[in-house]
Structures are given as C-alpha cells and as structure tokens.
Amino acid sequence: MNLMKPLAAVVAGTFLSACATNVESIRTADSVNGTEFTRALTDEYRALALFEADEMYDWPNAEHFAKKGLRAAQGEAVRPDEVEDRVLPEEMQSEFNEARSTLVALLDDNARREMPNQAARAQGRFDCWMEQQEEGHQPSHIAACRNEFYALMAEIEQGMAPEPEPEPEPEPAPEPEPEPAAPESTTAFFAFDDATVTEEAMAELRQVARTAQERPDAMISVTGHTDTVGPEEYNLQLSLRRAENARDALVDLGVSEERISIAGRGQAEPAVPTGDEVREQANRRVEVLVQ
C-alpha cells in the first residue's frame with residue numbers, strides 16, 4: 001500500500017485550508033487603527049488576494065497577498081515585494097529593481113502621508129506587475145499592472161515635487177545717470193582795434209551769467225580773437241584783452257572768477273577766413289563756452 005498519496009492529500013488539504021482562512025479573513029478585514037495609507041493598502045491587497053483566489057484559483061499568490069493585506073489592516077506599512085523573491089526574466093531584472101527603488105524612495109519621502117491613496121495603489125500595482133510577470137502567460141494583465149504603476153508614479157512624483165522657488169523680484173532699474181548738459185556757446189563781437197565790451201556784447205554775457213547760475217558746476221572758457229589787420233603779436237595781445245574784459249563783465253554779473261578761464265588766439269583762428277590786413281567784423285570776437 002502506498003502511504004505517500006494519502007499524506008500528500010492531507011498536506012495539500014491543510015495548505016488550502018490555511019489559505020482559505022487567510023483569504024476569508026481579508027475579505028472582511030477592517031483597518032480601523034492604521035493610517036490612511038495602511039487602510040488604502042489593505043484594500044489593494046484585499047483586491048489582489050480575492051482576484052487570485054476567486055478568478056485565477058492561484059492559491060499561493062492569494063495567500064501571499066492576503067497575508068500582506070492582514071498585516072496592513074493591523075496598521076503596518078507593509079513594504080513592496082522584493083524583486084529577488086520572484087522568478088523574473090533576467091532581461092527585466094534591472095527595470096524591476098529600478099522601479100522598486102524609485103517607489104520605496106517616494107514612500108519613504110512622505111508619499112505615504114502626503115499622497116496615501118496613490119502611494120498604496122502604486123505599491124499594489126508594482127506587486128501585481130511582478131506577480132503577473134512571473135506567471136508570464138497573460139500579457140494584457142502584465143501590461144495593465146505595469147502601465148498603471150508608471151502612471152501612478154508619475155502622478156506621485158509630480159505631486160511630491162517641491163514648489164518652485166518664486167522668481168526673485170527684479171532689481172529696480174537704476175536711475176539713469178543724468179545726461180551731462182550740452183555745452184552752450186555765445187559769441188560777443190567787438191569794434192575794430194578795440195577791447196571794450198559793447199552793449200550788444202553785454203547782452204550776450206548776461207545770458208551767459210544766467211546760464212552759469214542755472215548750472216553751478218559748469219566751467220566757463222572765454223577766448224578772444226581778432227581780424228587780420230595789424231601785426232600778429234599786437235593782435236594776440238588785443239585778443240587777450242578782449243577775453244579779460246569779457247571775464248571781468250561776467251564777474252560783475254555774479255559769476256565766480258574761479259570758474260572762468262581765458263585765452264587769446266589773435267588772428268590765428270578766424271571765424272571767416274580772409275587774406276592779410278582785412279577788416280572782418282565776424283573775426284573781432286570773444287567766444288564764451290559754458291560746459
């Protein structure tokens with residue numbers, strides 16, 4: 001008589017009985033003491049266990065998920081399945097390892113607390129993906145678990161991303177440097193062979209004095225000129241006297257002498273070029289520059 005067959009039947013019956021007990025327990029397990037994450041995780045593993053038991057008649061996996069669900073119902077933050085605990089295609093090992101590492105990192109980075117429902121669902125889809133891939137005969141089930149896992153991971157990563165730093169307030173544009181005032185020039189004319197400031201010249205110098213008051217930092221240059229009549233040395237001295245007289249008039253009008261520089265050019269820089277010994281009113285002048 002072969003005693004092994006009855007013994008095998010007893011062992012199998014005992015195993016199925018234990019499985020049935022855990023599966024039946026997860027059907028009605030109520031997670032009241034845990035967190036929002038563990039309650040959601042209980043529901044995930046409940047759904048996986050009942051699917052494997054009631055639809056697939058896969059008792060080992062039904063038992064596995066039922067046990068995890070019962071632990072979650074007690075408030076335990078059950079970890080995702082280890083990759084090495086499943087027999088998976090060698091070419092997919094790195095993808096599963098990377099997927100699990102990313103999932104665990106997010107779970108440990110407060111995803112359980114900040115996005116509990118999505119986190120629990122992602123963990124359930126990961127375990128589902130590995131279980132279906134191990135079986136390897138239902139491509140649509142494998143793809144469904146895998147695709148939902150990655151969609152949930154993307155949602156969690158986006159939800160967990162830190163708020164972007166607010167854009168710094170732009171620095172106020174510096175006040176533009178005031179454009180330096182353009183130089184202002186005035187020309188006062190003189191009679192032939194004379195350095196006396198005429199009334200017409202005084203009118204021009206009064207305008208210079210007003211400008212000097214409006215621009216207290218401006219400097220004033222006064223340059224005398226002559227026409228070509230007379231010796232060059234004489235004309236140089238005449239042009240300097242004209243500049244000196246114009247300066248003195250400006251001082252009388254309230255302009256500080258320290259702000260005024262004078263020079264004489266004689267006949268060297270005519271406003272109107274002429275031949276030698278030519279009387280030309282336009283050349284008998286003082287040029288005043290405010291800058």
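How many residues does helix α5 have, and how far does it reach from its first C-alpha to its last?

## Helix α5

Helix α5, residues 116-135, has 20 residues and reaches 29 Å from its first C-alpha to its last, close to the 28 Å expected at 1.5 Å a residue. The expected span is 1.5 Å times one less than the number of residues. Helices (H or I, at least four residues) and strands (E, at least two) are DSSP runs, numbered from the N terminus.

Of the 20 residues in α5, 15 are buried (under 20% relative accessible area, with a 1.4 Å probe and protein chains only). G136 follows the helix, and its phi is positive, near 70 degrees.

## Basis of the model

This is a predicted model, in which local features need pLDDT of at least 70 and side-chain atom pairs count only at pLDDT 80 or more, while totals for chains, interfaces and linings use all residues. Residues are numbered from 1 along each chain as its sequence is written, and side-chain values use heavy atoms, leaving out hydrogens and water.

## The open sheet

Four strands form an open sheet with mixed pairing, in the order β1-β4-β2-β3; two strands pair if DSSP finds at least two bridges between them. Because β1 (184-189) and β3 (260-264) stand at the edges with a single partner strand each, one side of each is left without a neighbour in the sheet.

Strands β2 (residues 220-224) and β4 (residues 285-290) pair in the antiparallel sense over five bridges. S221 has L289 in β4 as its bridge partner.

## Helices on the sheet

Helix α7 (residues 199-214) packs on the sheet and touches β1, β2 and β4, contact being heavy atoms within 4.5 Å. The direction of α7 makes about 160 degrees with that of β1; axes are lines fitted to C-alpha atoms, for helices over the stretch in contact, and angles run from 0 to 180 degrees between N-to-C directions.

Helix α8 (residues 232-252) also packs on the sheet, touching β2, β3 and β4, and its direction makes about 160 degrees with that of β3.

Notes:
Buried means under 20% relative accessible area, exposed over 50%, partly exposed in between (1.4 Å probe, protein chains only).
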